[in-house]
Amino acid sequence: MLLHAALSGLVFGFYFTLVGLGLNLVFGVMRIVNLAHGDFLMLGAYSAFWLFGLYHLHPLLSAACVLVVFTLVGLPLYYLVVPRLLAARDSEMLSLILFFGLQQMIEAVTSIAFGTTERSIPGRVLGSGPVRLLGQALPTSWVFSAGVSLAAVALVYVYLYQTRLGMLTRAVMVSREEAVATGIDLHRVCAIAFGLGLGLAGIAGVFAPFMLGSVTPAIGPEINIAAFAVIVVGTLGNPLGTVLGGIVYGVSLMLMQTYLSSWANLLPNLLLIAVLLVRPTGLLGRRVRRA
Amino acid sequence: MSRKAMLCLIAALACGPAAHAQQAAPAEIKIGHVHAASGAYASISMPVYDGLKLWIDQQNAGGGAMVKPFGKKIPLKLISYDDQSNPGTAATLINQLITQDKVDILVADSGSVLTAVAVPIAREHKMLLFNPTGTGAPFFTKDNPYIALLADPASTIWPKYLAGFLTTDGVKDGLKRLAILYATNDFTTTQANALRGFVKQSGAAIDIVYDQGVPTNTSNYGVLINNIAAAKPDAVVELGYVGNDIAFLRNLQDAGQKFKFLFALYPGVETDEVLKNVGAQAMDHVFTYVTSQAIEYKPNVGMTLDQFREAFEKSYKGQGVEFGFNAIAGYHSGLMIGQALADTDSLQQLDLRRALFAQSGKVTTLDGTFELDDTGAQIGEITPLGQIIADPKGAVRNVVVFPHELAAGKPLYE
Amino acid sequence: MRRGLRDVLFVVLPVVIIAAVAPLLYANELLLFSFVMYLTLAQGLNAIYGFTGYLPFGYVGVFGAGAYGFAISVMILGLPPFAALAIGAAAGVMLGLLLTPLLRLSGAYFAIANLAAAQAVYQVVSNPALQDITKGPYGVSLSEVFAPRLSYEVGVAVLAATLLAMAWLRNSRFGLSLQAIREDPISAAMAGVAVVRGRTIAWLLSALIAGLTGAVFAWHISVFYPETAFDIGISIFATVFTLFGGAATLIGPLLGVLVLYGVYNTIGITVPQYFQLIYGALIVGLVLFLPDGLVSLLTRRGIRVP
């Protein structure tokens, strides 16, 4: 039972890494909190549902489409709202409100277009029956989703550490002022990171019907809370720390379900607070906080 | 306010001396309602709203609803606001309907959380709250005459036949080890408690080997299923909201886990919605409640099940609102409003109440027999135990297996 | 201190008088109560956010603690409403005290941790294991003390006290020192301002206001579920209203609530089918075009607002 819970938690955690990854990238680069992150994830799920219903498109292909389309949608959206936001006095806090407004709009439009009933994609699409791992049976669709998540993490790693644009992105993450002073085109770097953040949320959405059973237009805020726990426990602003956050989140959630099930959802919140109080910059945080 | 005053004035002038001989009939009967078009409760609220709207549209197509004190049909006007699943907004909108729109009939939103805030407001303004599906026990007290639960049996009644089966036929068939998994909200926790109570009370030789609550927003049951299996139960009862049940049944199928007897709540409540999300195979042989969508009652008021289903699907095709128990509940609420209007002595709220309570035990609609206890809780409608049988084409039927007098089939164990 | 007197005479007094007589003129008392509640909460949030820059995104946690403090006092202890109000307020302050370590965090960290804390309190209160105390998921019914009129008046009294406190904060040395901390904590500390103590006092004041408001809310609404008292929408509304009007002023949050909550209710009643869409769009537009709130229209021109 313990081994099964731990292993499931690990797989579950990999998926939640992907759920938090885009949010963390956006925060890391722009220091804004995208409160509509969960809603972009929800849109990814609806896209996959729609593509599957119309063309029987495999979720893996849907994920590729969603990544491209969402990233491209993110670019004009960035230029429409973020530069104005960054110019404001307290952009970090204002972003919460701005993206709350956007979140409301997305949820409203999706409710009108698709209705409020639960939606999902059959699990057999990703292979039927369980997979055996270390003698424990795990659903194929979980293992598949976890695999995609790890691939996405690898993609972000390659982008940040192996490309020139990634290097510039990291420079902006370290210090926006210095990056601008050295002549980096701030908005180009930020816009791409923003688009990528939405694209990652979209991919996570494609696999949400398999990991969460079903989706409705209202799941956004709930997803955000889980994503917050993951990225804060990892390290806020450090996209790769998200992996650690995801694992801690997944494993502890599954252990709680096993031993204290009715309190299971309390744990991520307590974990988040505890980590912040002990290590205010997250488990992998190195920077010293101000004041 | 001014338009209404003007209408009154015009009506008074037109009717002249006749007007004070008989009480003037209003130009329309205003039905006030709140619904959640978005947010957490939208998926249970929208079908109720659509079902109610369908009834009103039908009445108006025939010239309106018969209102006894005026001896004629009067058109109905639905005023329905969107509370966005926000209880605070629901409360102010209910008050708006009462104090500003001055509605004649007040209908609560679906589900207990959004209904709760309306209960004291309706009572304070002495408005009868027509409550479609808010089953919360604290709403129904002997000292509050201003509430009636129309469509949904009280939560404690739901598991009656499930428990009846488990403690008699079930034990005989070797279902001795019982596992209960429930979502920790009002609706399903009450049922879990009632089930546990029924089982203990019966003295049947049943061991409860697993009994856990999980938060209602649980969306992943893989580990829980593994833990239940480790307790080696013969019978598993899973009680959740529709999203919980979908996740549970999908995870069960993904894990390739089978239990001899498996009960889940929503396959019988929102059958189409669950079917679309988990598929016929995952539902096959699952035990569930039999709600009005799977029993052909012989209504003496309103459409039959098939007629209503056809009308509902025609009206709301492609709008993402699935036919199911909640749609029936909305339509049935309309029917009961119609019955009350046709039998009341005036539009006074207590007269409406008398008229509505007078229907108790006499009216059968597609939702079953309407019966209220003296606190206004619904006790007439019942939920027998059924079993889902899938055919190879991917359609499902919900076959009653208990109680014996209603049974249409024998239980099949895995 | 003259300024303070002027603020009380020209801002606090008219608002309180209008709130007190409004039920005589307009029958939807619950809508008026919601206005009073958000006017109070927006000021409570202003005390911490406006003056120190700490945004408690889980402000509703303290509000809910107050509501449940009230409910438990009535149901379990059988206390009369006014004693229960005191317990509700105390519950808010206690939770605030428990959360003071979060003030060590800054920016988004504080906001998110605060949200997590509110969720945690909600999950504890609604857990069936605590059914004997909180009624767990079953919801509470306080029909024996239900008094819509009296509770409305108490709500107005709480609003009056809150506004007075804020008028003092706006015009006192203490308020000034808080704003200095907000602008630059290190310089403020070097100038001899007790940074930690200042922040803690502002946060506890803010928690007291939320706890008291929550208690009055519980009294007024009387039948509710944990989902109602801990509805995250309450936090978001209070935040949006404060920011829209303009934080760190007395009149900003007032304007924010009156305009934005007024618009919210108007849309809800006139165009319910596009309610959420229009409201969302409105918020996005406001942040983009008026990031410092309504009062910035005046302050930009060098006009001092209360």
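How many salt bridges are there between chain A and chain B? The count is zero. This is a predicted model.

**Chain A with chain B**

- The contact draws 38 residues from chain A and 36 residues from chain B.
- Together the two chains bury about 2,800 Å². Carbon and sulfur atoms account for 46% of that area.
- On the chain A side, Thr116(A), Glu118(A) and Gln257(A) lose the most area to chain B. Together they make up 20% of what that side buries.
- Salt bridges number zero here, but 20 residue pairs are in polar contact across the interface, both residues at pLDDT 80 or more.
- Five helices of chain A each give two or more residues to the side that touches chain B. They are H1 (2–30), H4 (91–114), H5 (140–162), H8 (186–211) and H10 (241–259).
- Sorted by class, that side of chain A has 16 nonpolar, 18 polar and four charged residues.

**Chain C with chain A**

- Here 43 residues of chain C meet 43 residues of chain A.
- The buried area between chain C and chain A is about 4,000 Å². Carbon and sulfur atoms give 74% of it.
- Between chain C and chain A, the rule finds zero salt bridges.
- Eight residue pairs are in polar contact between chain C and chain A, with both residues at pLDDT 80 or more.
- Which helices of chain C give two or more residues to the side that touches chain A? They are H5 (108–125), H8 (173–183), H9 (185–190), H12 (232–245) and H14 (275–289).
- H5(C) provides the largest share of that side, with 12 residues.
- By class, the side of chain C that touches chain A holds 31 nonpolar, eight polar and four charged residues.

**Strand S15 of chain B**

- Strand S15 spans residues 385–390 of chain B and is mostly covered. Six of its six residues are buried.
- In a regular strand, side chains alternate between the two faces of the sheet.
- Leu385(B), Gln387(B) and Ile389(B) point one way from S15(B). Gly386(B), Ile388(B) and Ala390(B) point the other way. All of these residues are buried.
- S15(B) pairs with strand S12 (residues 287–289) of chain B in the antiparallel sense, over three bridges. In this pairing, Phe287(B) has Gln387(B) as its bridge partner.
- S15(B) also pairs with strand S16 (residues 396–402) of chain B. That pairing is antiparallel too, over six bridges. There, Ile389(B) has Arg397(B) as its bridge partner.
- S15(B) and S16(B) form a hairpin with five residues between the strands. In this hairpin, Gly394(B) takes a positive phi near 95 degrees.

**Asn265 of chain C**

- Where does Asn265(C) sit? It is found in helix H13 (residues 251–270) of chain C.
- Is Asn265(C) buried or exposed? Asn265(C) has a relative accessible area of 7%, so it counts as buried. The cut-off for buried is under 20%.
- The side chain of Asn265(C) reaches the backbone oxygen of Tyr261(C) at 2.8 Å.
- Leaving aside neighbours within four places in sequence, Asn265(C) is in contact with Leu31(C) and Phe35(C), and with Thr92(B) of chain B.

Notes:
Residues numbered from 1 in each chain as written. Chains lettered and ligands numbered in written order. Predicted model: local features only at pLDDT ≥ 70, side-chain atom pairs only at ≥ 80, totals over all residues. Heavy atoms only, no water. Helix = DSSP H or I, 4+ residues; strand = E, 2+ residues; numbered from the N terminus. Buried < 20%, exposed > 50% of the residue type's maximum accessible area, 1.4 Å probe, protein only. Polar contact = N/O pair within 3.5 Å; in protein donor to acceptor, adjacent residues only side chain to side chain. Contact = heavy atoms within 4.5 Å. Pairing = 2+ DSSP bridges. Buried area = accessible area lost by both parts, 1.4 Å probe. Salt bridge = Lys/Arg side-chain N within 4 Å of Asp/Glu carboxyl O. Nonpolar A, V, L, I, M, F, W, Y, C, P; charged D, E, K, R; others polar.
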